[in-house]
Amino acid sequence: MTKIILSPKISKRIEQGHPWVYDNEVAEIPKELQQGEIVEVFNHKNKFVGKGYANPRSHILVRLLVSHPKEEINRNLFKKRIEQALKYRQLLGYQDSFRLVFGEADFLPALVIDKFNDYFSIQTLAYGIDQFKTEIVEVLEEIFSKNQQNFGVYERNDVPVRELEGMQQQTGFLSKPFEPQTIITENGFKMRIDIANGQKTGYFLDQTANRAAIAPFMKNATVLDCFSHTGSFAIHAAGYGAKKVSAVDISEFASQTATENAKLNGLENKIECITANAFDLLKEWTNENRQFDVVILDPPAFTKSRSNVENALRGYKEINLRGMKLVKKGGFLVTCSCSHFIKPDIFKKVIFDAAIDARKVIREVLYKPQGNDHPFLWNVEETLYLKFYILQVL
Ligand code: SAH
């Protein structure tokens with residue numbers, strides 16, 4: 001098996017369990033290294049550190065899966081890890097729809113599996129894990145098909161990071177074809193999920209608990225839900241008692257699904273779905289001095305790289321400043337960031353700067369990370385990505 005030696009300053013992070021070895025962190029990259037090859041990694045003192053899949057075409061040269069020399073990387077390992085991931089979610093009370101595997105945090109680097117009722121939406125975002133797709137589908141069938149009426153797997157590998165790994169973007173059924181639309185229940189509300197056409201894996205399960213957390217502020221409220229996608233915050237808001245909700249998304253498809261979801265829950269009279277650029281609308285409505293009891297901001301990751309953080313921060317500041325101005329005195333701002341490049345303290349600072357510029361006093365009501373089905377490891381900081389605040393604007 002090919003041996004990779006870490007450079008001295010890197011060993012500690014990796015030995016503490018961080019699974020990524022970058023190409024500039026090794027003494028030498030063996031010339032004959034193949035894409036997807038399983039390699040052994042040693043520290044600079046020649047002590048075994050772990051085994052994982054390599055990809056000489058990626059900046060992340062190796063993703064480690066095991067830390068014991070006898071442990072094999074094969075179908076059994078994937079089965080064991082997926083079963084452990086399921087057991088953890090079951091312990092926490094998740095039932096039909098949840099993130100089953102969250103990559104590194106479930107010790108399955110670059111693998112994402114979301115479960116929507118009887119169907120699975122999966123992403124294999126590194127060359128190494130992509131080689132095990134067939135085995136992973138088999139394992140899912142083994143674990144789940146006996147307790148479900150239906151079973152199906154769809155790959156949502158339409159993700160640009162795959163190109164950094166030397167792979168193509170692709171989507172399609174990995175099992176027998178099935179109807180990719182299904183209605184899940186979230187906090188008692190119905191949501192139509194389109195596994196084939198919705199964003200990312202089809203739906204953002206990471207905010208399930210956070211959506212429930214807005215309930216206390218919704219009675220008779222007027223609400224603006226920006227970056228609404230399929231309307232899930234808007235539906236929760238209306239269902240929890242808001243009298244009027246405006247849901248804004250730039251995607252026509254998302255707005256249409258939000259309209260359908262509102263009907264599905266009998267809330268169509270309370271929710272208006274607007275297809276618009278939220279930046280423009282926030283500007284327009286602040287200029288018109290509109291006021292809401294609650295403003296929700298759940299934008300996409302404004303940056304997917306370290307180099308773009310400054311631009312992203314300008315974006316966060318602008319929407320938060322305008323969002324706060326649109327909140328009535330004593331009302332609430334619900335604000336989120338889903339990029340792991342924006343660390344929690346930086347996000348907090350940008351909101352604080354916006355409050356100072358908007359001449360508002362902010363009282364923190366609640367801070368939460370992503371839901372428990374998207375666990376994060378303290379030694380792998382990239383696994384913590386979602387920041388969610390409920391703030392009172394005074
Ligand atoms: N709040 C949603 C998730 C939001 S994801 C939920 O709980 O499910 C981010 C959304 O922002 C996407 O639906 C995307 O279409 C939308 N979006 C991206 N840029 C936008 C813009 N400039 N204005 C409005 N919506 C935008």
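**Note on the domain interface, salt bridges and a surface patch**

1. Between domain 2 and domain 3, about 990 Å² of area is buried, and carbon and sulfur atoms give 72% of this. Buried area here is the accessible area (1.4 Å probe) that two parts lose on being put together, summed over both. The structure is a predicted model, in which local features need pLDDT of at least 70 and side-chain atom pairs count only at pLDDT 80 or more, while totals for chains, interfaces and linings use all residues. Residues are numbered from 1 along each chain as its sequence is written, and side-chain values use heavy atoms, with hydrogens and water left out.

2. The domain assignment gives domain 1 (2–66), domain 2 (75–179) and domain 3 (204–393); such bounds come from an automatic or database domain assignment. The centres of domain 2 and domain 3, taken over C-alpha atoms, are separated by 28 Å. In this pair, 15 residues of domain 2 are in contact with twelve residues of domain 3, contact meaning heavy atoms within 4.5 Å. A salt bridge requires a side-chain nitrogen of Lys or Arg within 4 Å of a carboxyl oxygen of Asp or Glu.

3. Ala 105 is located in the loop between β6 and β7 (111–116). Helices (H or I, at least four residues) and strands (E, at least two) are DSSP runs, numbered from the N terminus. With neighbours within four places in sequence left aside, Ala 105 is in contact with Pro 375, Phe 376, Leu 377 and Thr 383. Ala 105 counts as buried because its relative accessible area is 8%; buried means under 20%, exposed over 50% and partly exposed in between (1.4 Å probe, protein chains only). From Ala 105 to Arg 75 the C-alpha to C-alpha distance is 19 Å, at a sequence separation of 30 residues.

4. In the whole structure, the search finds 23 salt bridges. One of them joins Arg 192 and Glu 260, with the closest N and O atoms 3.2 Å apart. This pair links distant parts of the chain, 68 residues apart: Arg 192 belongs to strand β12 (residues 189–194) and Glu 260 to helix α8 (residues 252–264). Arg 192 is partly exposed at 25% relative accessibility, and Glu 260 is partly exposed at 39%.

5. A further salt bridge is formed by Lys 244 and Glu 272, whose closest N and O atoms are 3.6 Å apart. It connects strand β14 (residues 244–249), which holds Lys 244, to strand β15 (residues 271–275), which holds Glu 272, across 28 residues. Lys 244 has a relative accessibility of 36% and is therefore partly exposed; Glu 272, at 31%, is also partly exposed.

6. Glu 288 and Arg 290 meet through their side chains in a salt bridge of 3.0 Å, N to O.

7. Tyr 88, Leu 91 and Leu 92 make a nonpolar surface patch of about 310 Å². Patches consist of residues with over 30% relative accessible area and no salt bridge, like charges being joined within 9 Å and nonpolar side chains (Val, Leu, Ile, Met, Phe, Trp, Tyr) within 5 Å; accessible areas come from the Shrake-Rupley method with a 1.4 Å probe, and for residues only the protein chains shown count as cover. Leu 92 lies in the loop between α2 (75–91) and β6 (98–102) and is partly exposed, at 38% relative accessible area.
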